[in-house]
Amino acid sequence: MKPFCRDTWVEVDLDAISANVASFRRHIPETTGIMAVVKADGYGHGAVHVGQEALRSGADSLAVAMLDEAVVLREAGITAPVLVLGYTPVDSVETASRLGIELTAYHADWIIQANERIEQAGAKPIGIHIKTDTGMGRLGVRTAEELLHVVRALEQSPFLDWTGIFTHFACADEEDTTHVRRQHQQFQELLAALREAGKTLPRVHCCNTAAAIVFPEWGYDTIRLGIGLYGLYPSPFLKQRAQVKLVPALSLKTRISHVKTAAEAMTVSYGATYTAKPGETIATLPIGYADGFSRSLSNRGFVLHEGRRSPIVGRVCMDQIMVRLNGASAKVGDEVVLYGRLGTEEISLDEVAELVGTINYEIPCMLNYRLPRVYRKDGKVSEVFHPLTMTHAPAQSVNN
Ligand SMILES: Cc1ncc(COP(=O)(O)O)c(C=O)c1O
């Protein structure tokens, strides 16, 4: 039995994940670790599979945005350190304690309440990374006074261990480095204030992918590697500079479900926004906006079929799209690449992002639970996971 029925799937090349970790390993100082950021289900690639591959390839810890994402990693048997980068409601700290997950904190009241809850529950102490806000304006302590106040609260909390301190950059992917340099300066001043107050610093980290590419010397104890892990550059500017070689890990593929040749002028899809001329070959593909394939690609995007680009014609529907093919030889069941490479042609996530009017990060994150994930390792299918049916299929042929 096939592991999924609708012939549309996401393919994730775990060898690319491994190569990307290795590229950063070569680029950053030897003493700097790699924390693989697998939030948002590994930017749509699958947090568990990517996390496991990153750990096998040289990452030493993982990071997620929220505690529920960390629970998924533990339930899959991942025992490496996991840090929650975002806010955790204080009534969930026992879950973090039970699963040995590190949390982020930036407020003394939260620390006092978290300590009380763990003590009352008789649970194990948890590790805490303090978040500093040096110019992102999102989460974190902003001044040295606030920071020392939070550190003192931590020191008085026997059920919380101070294990890290970090900041996050807002503009590290831009050509103008004024803002990121100012943020780093501010971070250094906060660290200096801690040293002056006689504190021993725990794990220090500030670099996302962009900062790790441009300022590897700011790596401190670890970088937090997100988008680069997946083989994507954080901005067109950094892609053009290509200081670190990256291999995109994700492809999106489907198979033709219907082909017709217009005998006469024929309108296509909702709104009849495209009219095929007599003789045009129109194929229907089983993918739509309900899968996370943006409706903004209506009459704009492209797919690859038989090594050539074919335009999407008419509006993207909820579950289907139509494309105009070059040759009349197309048949039901032919493979079509929506994102990724086919021969020498490529539809990159950068190109799709530009057409949709967003950043490359958002494109894989939109691909949702309706799409099975096919994992490839050493050039072969290693596993299939279908989030819709919650089924795993080991190294099963998906006829591709
Ligand atoms: C706090 C934090 N650190 C690291 C990252 C990883 O960033 P990137 O994907 O740009 O490497 C993110 C992602 O947004 C983040 O929010």
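Helix H2 (39–43) and helix H9 (209–214) each contribute at least two residues to the lining of the largest pocket, helices being DSSP runs of H or I with at least four residues and strands runs of E with at least two, numbered from the N terminus. The largest share of that lining, 3 residues, is supplied by H2. This is a predicted model, in which local features need pLDDT of at least 70 and side-chain atom pairs count only at pLDDT 80 or more, while totals for chains, interfaces and linings use all residues. Residues are numbered from 1 along each chain as its sequence is written, and side-chain values use heavy atoms, with hydrogens and water left out.

**The largest pocket**

- The largest pocket holds about 640 Å³ of space; a pocket is an open set of points on a 1 Å grid over the protein atoms alone, with protein on both sides within 12 Å along at least five of seven lines, and lining residues have an atom within 4 Å of a point.
- A volume is the space filled by probe spheres set on the points, which are joined across faces, edges and corners.
- Of the 28 residues that line this pocket, Lys39, Arg138, His168, Asn208 and Tyr361 are the closest to its centre.
- Its lining comprises 18 nonpolar, 5 polar and 5 charged residues, where Ala, Val, Leu, Ile, Met, Phe, Trp, Tyr, Cys and Pro count as nonpolar, Asp, Glu, Lys and Arg as charged, and the others, Gly among them, as polar.

**The ligand**

- The space taken by the ligand is the largest pocket; a molecule sits in a pocket if more than half of its atoms lie within 2 Å of its grid points.
- Polar contacts are pairs of N or O atoms within 3.5 Å: an N or O atom in the side chain of Lys39 is 2.8 Å from an oxygen atom of the ligand.
- A polar side-chain atom of Arg138 lies 3.2 Å from a ligand oxygen atom, and one of Thr209 lies 2.5 Å from a ligand oxygen atom.
- The ligand taken alone exposes 390 Å², of which the protein buries 92%, with accessible areas from the Shrake-Rupley method and a 1.4 Å probe.

**The cavities**

- The structure holds 2 cavities of 30 Å³ or more, a cavity being a set of grid points where a 1.4 Å probe fits but cannot get out.
- The largest cavity has a volume of about 50 Å³, and its lining has 8 nonpolar, 1 polar and 1 charged residues.
- Strand S18 (335–342) and helix H11 (349–356) are the elements that give two or more residues to this lining, and H11 provides the largest share, 3 residues.
- The second largest cavity, of about 30 Å³, is lined by His305, Glu306, Arg308, Ser310, Leu325, Asn326 and Gly327.

Key
Polar contact = N/O pair within 3.5 Å; in protein donor to acceptor, adjacent residues only side chain to side chain.
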